[in-house]
Amino acid sequence: MKVKPAANILSANDAIASDNRRLFRENGVFVINLMSSPGAGKTTLLEETIARLSGSIKIAVIEGDVATSADALRIEKTGVPAVQINTGNLCHLDAGMVRSALSEFDIKSLDMLIVENVGNLVCPAEFNVGEDCKAMLLSAAEGDDKPLKYPLMFHESSALVINKTDLIPHTNFSLEKARRDALSINPKLAVFPLSCRTGEGLEDWCGWLADRIGENRCLRG
Ligand SMILES: Nc1nc2c(ncn2[C@@H]2O[C@H](COP(=O)(O)OP(=O)(O)O)[C@@H](O)[C@H]2O)c(=O)[nH]1
Ligand SMILES: [Mg+2]
């Protein structure tokens with residue numbers, strides 16, 4: 001029986017991720033890899049972000065789920081192109097899967113490609129897909145102990161969205177503890193507490209994204 005060491009799988013993935021990154025750079029598209037546990041609100045955040053940014057920024061979305069096209073259908077309703085990847089039993093998207101979806105888009109016309117990863121707090125952080133940055137969503141309903149229990153996700157991300165702040169009064173979630181613990185793992189994290197339900201805080205998050213896209217345009221001419 002042949003056993004493939006995990007290190008080989010990761011380095012094979014990194015080689016494809018480098019190719020993806022080159023393609024994104026050549027075409028001037030900013031790519032963000034969005035990660036969270038299932039139900040934290042990734043697709044809702046994308047719907048709200050698209051509603052605020054798609055007037056001035058050309059966006060496309062790759063949706064990763066174990067099964068169904070439900071999330072890609074939700075995104076298509078916003079008017080933004082979306083491709084669904086079903087991973088079967090796999091708990092993350094890898095660079096090859098993202099690569100296989102790219103032919104569905106006119107990459108050159110895009111400012112930003114958002115990859116919504118499979119809902120999982122472990123594996124997505126281990127696989128680069130060629131993104132410029134990773135962002136992580138934690139919802140108030142999940143508990144404020146998650147940064148310390150799943151540190152890699154927080155360590156690898158450039159931004160942390162703390163979603164469902166409207167639910168905080170109904171939980172024992174401490175925004176301050178979640179923020180403090182996340183920053184202890186990664187002091188460079190940009191933290192955005194917000195509620196996709198009420199809209200509170202969404203402006204700051206969208207402003208951060210727009211700034212990243214602006215920097216990307218300058219960098220790539
Ligand atoms: N109360 C509340 N519910 C939210 C918020 N954001 C998302 N949800 C709900 O959380 C559930 C999961 O959202 P979804 O976007 O599908 O999560 P995903 O699995 O991470 O993509 C849905 O029922 C959403 O309506 C929020 O800010 N507040
Ligand atoms: Mg989703």
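Predicted model: local features only at pLDDT ≥ 70, side-chain atom pairs only at ≥ 80, totals over all residues.
Val-115 is buried, because 24 other C-beta atoms lie within 10 Å and the cut-off for a buried residue is 20 or more. Leaving aside residues up to four places away in sequence, Val-115 touches Val-31, Asn-33, Leu-34, Ile-62, Gly-64, Leu-93, Val-98, Val-129 and Glu-131. The largest nonpolar core has 57 residues, and Val-115 is one of those that touch the most other members, together with Val-61, Ile-114 and Val-161. Strand S1 (residues 30-35) gives the most to this core, namely five residues. In soluble globular proteins, nonpolar side chains tend to be buried together. Ile-114 touches Ile-32, Leu-34, Leu-46, Ile-59 and Val-61, again not counting residues up to four places away in sequence.

**Two helices in contact**

The axes of helix H1 (residues 6-26) and helix H4 (residues 95-102) come within 8 Å and cross at roughly 35°. The crossing of H1 past H4 is left-handed. On the side of H1, the contact is made by Asn-13, Ile-16, Ala-17 and Asn-20, while H4 contributes Ala-95, Gly-96, Val-98 and Arg-99. By class, the residues of this contact are four nonpolar, three polar and one charged. Val-98 of H4 is also among the residues that Val-115 touches.

**The surroundings of ligand 1**

Ligand 1 is surrounded by 16 residues, of which the closest are Gly-41, Lys-42, Thr-43, Thr-44 and Arg-197. Helix H2 (residues 42-53) provides the largest share of this shell, with three residues. The shell consists of four nonpolar, eight polar and four charged residues.

**Separation in sequence and in space**

Gly-207 has its place in helix H8 (residues 202-220). Gly-207 is partly exposed, because 13 other C-beta atoms lie within 10 Å, a count between the limit of 12 or fewer for exposed residues and that of 20 or more for buried ones. The table sets out two pairs of residues, with distances taken from C-alpha to C-alpha.

| Pair | Separation in sequence | Distance in space |
|---|---|---|
| Val-115 and Ala-67 | 48 residues | 16 Å |
| Gly-207 and Leu-53 | 154 residues | 9.2 Å |

Note on methods
Residues numbered from 1 in each chain as written. Chains lettered and ligands numbered in written order. Near = placed C-beta within 6 Å. Helix = DSSP H or I, 4+ residues; strand = E, 2+ residues; numbered from the N terminus. Nonpolar A, V, L, I, M, F, W, Y, C, P; charged D, E, K, R; others polar. Axes fitted to C-alpha atoms, helices over the stretch in contact; angles between N-to-C directions. Left-handed = near helix turned anticlockwise from the far one by under 90°. Contact = placed C-beta atoms within 7 Å. Core = buried A, V, L, I, M, F, W, Y, C linked by C-beta atoms within 7 Å.
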